[in-house]
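Welcome to the tour! Keep your viewer open and get ready to select a few residues at each stop.

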Amino acid sequence: MKKSGFMPNWGIRSKIFFTVLLSIMLSIGITTTINIIRVSKSFIQTTEKNISLISDNASRFALAQISHHEDLLTSITMSENLKAQLRTSNEMYSNLSDAERIKQVMMIEETWNALDEGASSFIESIQLNITSAYLRRFQTIHPDEVEIFITNAYGMNVSMSNQTSDYWQADESWWQETIEGKTFISDPVYDESSHTWALIIAIPVFDLDWGGEVIGVVRGTLDITSILDSIFIIDENQSGSSVFISNDGYAYYELDGELEILPMPEQFQAFVDQAEHTFVGELNDVNGTSSIASISRLGDQQQSLGWILISIPRSEIVQLLFTTIIGNIIIGLLLTLLLGALSLVLSNSILTVLKDLKQDAYHLSIGDYSYRFSEDIIKSNDPNISSLVDSFDKMKTAIQYRESEIRTREKQFRQLVETMSEGLAVVDEKGLLTYVNPRLCQILGYKSEEILGGGFKRFFPKERQTKLLKEWKSRLENQHNTCESVIVTQSGEHLDVSISMKIQHSEDGKYTGVLAVIMDISARKKYELSLTRKLNEISGLRAIDTAILEKNNFQGVVTTVLDQFKQHLAADAAAIYVFKPGETAVQYASGYFLEEKIPFTEIQTDGEYILHLSGVTEAREINSFDESHLICDALREKHFNVTYIKPIMINEIYHGVVSIFYFDKITLDEEWLNYFGALITQTAVGISKIELMNNLQIRNVELKEAYDGIIKGWAKALELRDKETKGHSDRVVEFSIKMAERCGFENTKLEAFKRGALLHDIGKMGIPDSILLKPGKLNNEEWEIMKLHPDLAYVLLAEIPFLKEAVEIPYYHHERWDGSGYPSGLKGEAIPLAARIFAVSDVWDALTGDRPYRSAWSKEKTREYLIENKRVLFDPDLVDQFLDLLADEGII
């Protein structure tokens with residue numbers, strides 16, 4: 001047989017040798033390429049790491065030093081001696097005008113650096129004060145502080161560690177920013193004469209006693225030369241050079257141990273522009289050599305000290321790459337020779353093992369587990385061969401064990417499926433049944449051979465098969481694996497079932513059918529139906545309870561009961577008759593036929609209904625309409641097949657009767673009779689409640705009439721005793737009630753007002769006749785007794801429950817708008833509205849009527865009196881309304 005492909009006639013030994021050889025050669029090429037990339041990346045990463053390390057260390061050290069010295073200068077601002085000195089200095093200059101202050105500053109500024117005696121004396125006064133001495137001691141302890149001085153709020157020096165170049169600092173940008181309450185930190189500045197780097201730090205001095213006002217500035221100059229010198233230090237085992245670029249555009253670098261300074265080259269500027277933090281790229285260094293360079297910011301977001309640029313010549317990188325490539329090639333050649341020889345030696349043992357593996361695998365495939373490796377392989381000292389033999393033996397044992405487990409589990413699953421309480425069916429991709437368990441055969445009433453091979457849809461009602469197939473497909477596509485349906489058994493019985501489905505797929509994902517579990521839920525459905533019916537019945541009884549509580553008439557209760565007959569007893573027609581108390585004559589009747597309500601006029605309400613109820617306490621069937629006079633002509637014409645009547649009884653007394661009608665004969669089971677009886681009982685409760693409410697209303701009306709009669713009797717008795725007030729009560733009550741209605745009084749509030757008006761002078765019953773009936777004017781002592789009648793009215797009426805709300809008029813009707821009334825001297829709207837209304841009506845009637853001691857006033861005079869006393873004696877709004885009432889009545 002002719003073979004094709006690469007190395008067609010080569011054996012395994014040759015293939016192993018050349019495979020190893022090609023692999024090694026390929027490895028050399030890949031390794032060389034990777035090393036070139038790795039060295040390049042390594043340099044970049046090393047450079048970035050170095051620059052980041054230098055930058056981070058320098059930044060942390062610099063910022064820590066700056067923060068430390070900022071804290072030191074801040075501690076100086078906390079000195080109370082300093083604040084006292086600044087307050088004194090500020091007060092001295094605050095008394096001067098701006099022109100005077102500037103003139104004085106200019107004079108001092110001109111002589112500040114002069115050598116004359118006046119200038120020296122002034123400078124010494126500043127240098128020798130207590131705070132200056134403290135600053136010099138502070139400078140001794142912290143030698144990095146090159147210079148410290150303090151200005152007042154106007155920029156004049158008040159203390160200094162050594163003489164400054166200027167006396168007045170207010171024109172400096174650092175002072176102007178700090179006096180606004182901000183801390184100022186400058187960029188690094190290099191002094192060529194002293195070869196030092198410095199920062200200016202200025203701290204505001206706040207006076208908390210003056211509301212946090214800035215009263216001066218403390219400025220220090222910090223030497224940071226040691227910080228920036230660390231930038232130029234490159235380890236001995238590292239190559240390259242460092243350059244520091246300042247924020248003002250100069251490049252600083254070391255050349256032969258000396259610091260060189262030159263303006264920043266343009267290509268350096270391009271690096272700075274591109275570097276937000278760290279940037280790597282190519283450029284010519286300060287010596288003009290082509291290099292790989294990395295630049296990084298020195299500082300943080302708040303403070304930038306400048307930039308660090310580290311560069312390495314490209315020639316060094318090329319030399320490193322070339323050395324690495326030569327080394328890799330030599331190592332690769334040596335490995336090729338060594339591994340080629342080794343592969344020839346090992347190929348023989350590999351071939352032997354492969355041969356035995358082929359034989360053992362063949363025997364395993366045919367189920368023969370008796371074959372074993374040769375003795376040479378079994379006894380081999382090669383740990384790899386021994387491990388291979390051991391692994392193959394373990395695999396053989398595992399396969400035997402798994403086959404046994406599969407057979408055991410298959411037996412268990414078959415027992416489980418055949419004894420499970422649910423039906424189980426397997427449907428293939430064509431919709432044919434390929435397996436059913438005994439329980440499903442029992443549910444359907446067929447033998448398994450009668451089911452297998454047929455379609456599953458034949459077990460569902462024909463009218464539901466099309467819908468079922470769509471439902472089945474939809475549920476499978478949407479993974480809705482459970483549904484409820486109805487199946488048809490061999491006997492034709494329809495059973496409610498629950499079907500749980502699981503789609504089956506082959507290993508390649510192809511649809512192979514469905515596994516379905518079918519559960520008989522007919523008992524549960526019957527229970528749910530019964531439970532639903534019970535809940536509906538309870539809901540119906542609850543509706544009647546609600547109607548009984550909320551409705552106070554027969555119509556509301558009876559209509560609700562008829563609704564329950566229609567909904568829960570499914571009666572085609574019904575009628576309810578309510579008797580008059582103690583009689584069999586109907587006082588109310590209502591009914592319906594299907595969805596139509598029967599008018600009361602069409603329901604017969606005469607006849608001797610007691611003839612049909614004698615001795616009847618339960619539901620009674622009437623087979624002939626002629627027996628009943630309780631059926632209206634409208635229902636007689638409908639030709640019902642059956643009628644049931646039941647009396648409505650309360651304490652064994654007939655209070656009415658219920659009739660329900662059906663076109664079809666129904667079975668009166670216990671559940672139906674119980675619910676029918678419950679509805680009648682609730683109807684009886686409703687009728688009883690309404691009759692009770694009607695009786696209560698009648699009694700309330702009678703009681704109210706009795707109360708009103710008593711009140712009128714009291715008022716009449718007072719009128720008989722005090723002849724001069726005869727007719728006064730009736731007139732004033734009439735006017736005041738009309739006023740109260742205009743003011744919004746109604747219902748019980750209006751009733752209380754009317755009673756209070758009738759009894760407004762009831763307190764006079766306690767006034768002696770000698771005072772009450774005195775024909776002349778009362779003296780002061782008699783008048784004080786007369787003024788007690790509101791208090792007497794309160795004592796008399798307040799303890800009577802139904803008159804408690806009527807006490808306002810008897811007690812307060814003599815109070816006046818300006819507070820001059822009695823008994824409490826109330827003023828304005830503090831007087832109850834009812835009393836204010838009555839006061840106007842009372843005075844009108846009193847003034848327009850005759851009295852033994854004066855003649856009646858004219859209506860016009862009385863009207864003018866009321867108007868004059870608006871806001872004095874009477875509520876002004878009520879006076880206007882009362883006069884409108886008189887005009888409407890035609891009185892004025």
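Before we start, one term: a residue is called buried when its relative accessible area is under 20%, exposed when it is over 50%, and partly exposed in between. Glu 860, at 43%, is therefore partly exposed. Remember also that this is a predicted model.

**Stop 1: a link across the sequence.** Now pick Arg 836 and Asp 875, whose salt bridge spans 2.6 Å from N to O. Arg 836 belongs to helix 26 and Asp 875 to the loop between helix 27 and helix 28, so this pair ties together parts 39 residues apart in sequence. Are these two buried or exposed? Arg 836 counts as buried at 12%, and Asp 875 is buried at 7%.

**Stop 2: the largest nonpolar core.** In soluble globular proteins, nonpolar side chains tend to be buried together. Here, the largest nonpolar core has 35 residues, and Phe 745, Phe 753 and Val 840 are among those with the most contacts inside it. Which helix gives the most to this core? Colour helix 26, which contributes seven residues. Then zoom in on Phe 753: its contacts include Ile 737, Phe 745 and Ile 837.

**Stop 3: a second core.** Finally, select Leu 569, Tyr 592, Trp 672 and Ile 690, which are part of a separate core of 30 residues.

Definitions and conventions
Residues numbered from 1 in each chain as written. Predicted model: local features only at pLDDT ≥ 70, side-chain atom pairs only at ≥ 80, totals over all residues. Heavy atoms only, no water. Core = buried A, V, L, I, M, F, W, Y, C linked by side-chain atoms within 4.5 Å. Buried < 20%, exposed > 50% of the residue type's maximum accessible area, 1.4 Å probe, protein only. Helix = DSSP H or I, 4+ residues; strand = E, 2+ residues; numbered from the N terminus. Contact = heavy atoms within 4.5 Å. Salt bridge = Lys/Arg side-chain N within 4 Å of Asp/Glu carboxyl O. Lists of a residue's contacts leave out its neighbours within four places in sequence.
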